[in-house]
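Have a look at the model first, then we'll go through the contacts and the pocket.

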Amino acid sequence: MEVIIRPNIDHAVDLVVKLIVSRIKEKPDTTLGLATGRTMERVYARLIASGVSFAQCQTFNLDEYIGLRHADPNSYRSYMKAHLFDHVEINLANTHVPDGSAADLKKAARDYESLIADAGGIDLQLLGIGYAGHIGFNEPLSSFKSRTRDKALTPTTRAQNAEMFGGDADNVPKRALTMGVGTILDASELVLLATGAAKAAIVAKAVEGPITSMVSASAIQMHPNCKVVTDEAAATELQGREYYDFVFENEPEWKGFRCAEN
Ligand code: GLP
């Protein structure tokens, strides 16, 4: 794992966007794993501004609420259209979001796994992190071998996402269809972006804490090609800061990513 700490949100987002764009330029038919949440809104805005073409890409979103129609403004399908798909060159038929409105959720989950396998797996998986330590909607005690399935959301997560549902956690759906931790770990590369002081404690647990299903995000420690990108505020509880900065300053891979203000 590499931890890259940037001076502020804009620089953290910039680095993630540069990385995604460079992967798509190297491999135009990249299969992307996409995430939702407020943190990602900035990433998608910059990706749109970059002008990169997703024409040959396939995309797979991590998760979707159960019980919302596709067209519901709070569905993650709507989120992706509003924040990315409607503004870039992309074939909508190649964009996939778990079907949280399916009558048979077990089948929808199996079908989603098959689609990912048919695409040859995910090349680059983008991740956010929830206060409950989730990646996707893998709440505490999600098995590290879990695959796409439906999952009950924690009160912490429903409170975190209440803003999008009129500020009332009771309006947030109780369940979601989410890629499993095992599904996520199968991606060739993981990039987790976390910003803001409110994420500092959970970032430290995920990156440096014990690997435990109580913090699903700690599973990323087992991934051979994982980058965690934060701003200063989200990095304040990390113990190994000095070493992470040294690696970022010296690894040839990051040459084009170190900006003048660095
Ligand atoms: C939702 C998503 C997660 C994401 C999280 C972060 O819960 N299901 O995949 O990591 O939001 O949200 P935010 O960026 O708003 O903090």
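Which residue puts a backbone N or O atom 3.2 Å from an oxygen atom of the ligand? That's I129, using its backbone rather than its side chain. Keep in mind that this is a predicted model. The ligand takes up the space of the largest pocket, and 15 residues surround the ligand.

- D63 brings a polar side-chain atom to 2.7 Å from a nitrogen atom of the ligand.
- H134 also uses its side chain: an N or O atom there is 3.1 Å from a ligand oxygen atom.
- On its own the ligand has 390 Å² of accessible area, and the protein covers 97% of that.

**The shell around the ligand**
- Sorted by class, the shell has 8 polar, 4 nonpolar and 3 charged residues.

**The largest pocket**
- This pocket holds about 410 Å³ of space.
- Its lining is made up of 24 residues, and T36, G37, R38, T39 and Q160 are the closest to the pocket centre.
- Helix α2, covering residues 38-50, contributes the most to the lining, with 3 residues.

Terms used
Residues are numbered from 1 along each chain as its sequence is written. This is a predicted model: local features need pLDDT of at least 70, side-chain atom pairs count only at pLDDT 80 or more; totals for chains, interfaces and linings use all residues. Side-chain values use heavy atoms; hydrogens and water are left out. A residue is near a molecule or strand if one of its heavy atoms lies within 4 Å of it. A polar contact is a pair of N or O atoms within 3.5 Å; within protein, one must be able to donate a hydrogen and the other to accept it, and residues adjacent in sequence count only if both atoms are side-chain atoms. Accessible areas come from the Shrake-Rupley method with a 1.4 Å probe; for residues, only the protein chains shown count as cover. On a 1 Å grid over the protein atoms alone, a cavity is a set of points where a 1.4 Å probe fits but cannot get out, and a pocket is an open set with protein on both sides within 12 Å along at least five of seven lines; lining residues have an atom within 4 Å of a point. A molecule sits in a cavity or pocket if more than half of its atoms lie within 2 Å of its grid points. Ala, Val, Leu, Ile, Met, Phe, Trp, Tyr, Cys and Pro count as nonpolar, Asp, Glu, Lys and Arg as charged, and the others, Gly among them, as polar. Grid points are joined across faces, edges and corners, and a volume is the space filled by probe spheres set on the points. Helices (H or I, at least four residues) and strands (E, at least two) are DSSP runs, numbered from the N terminus.
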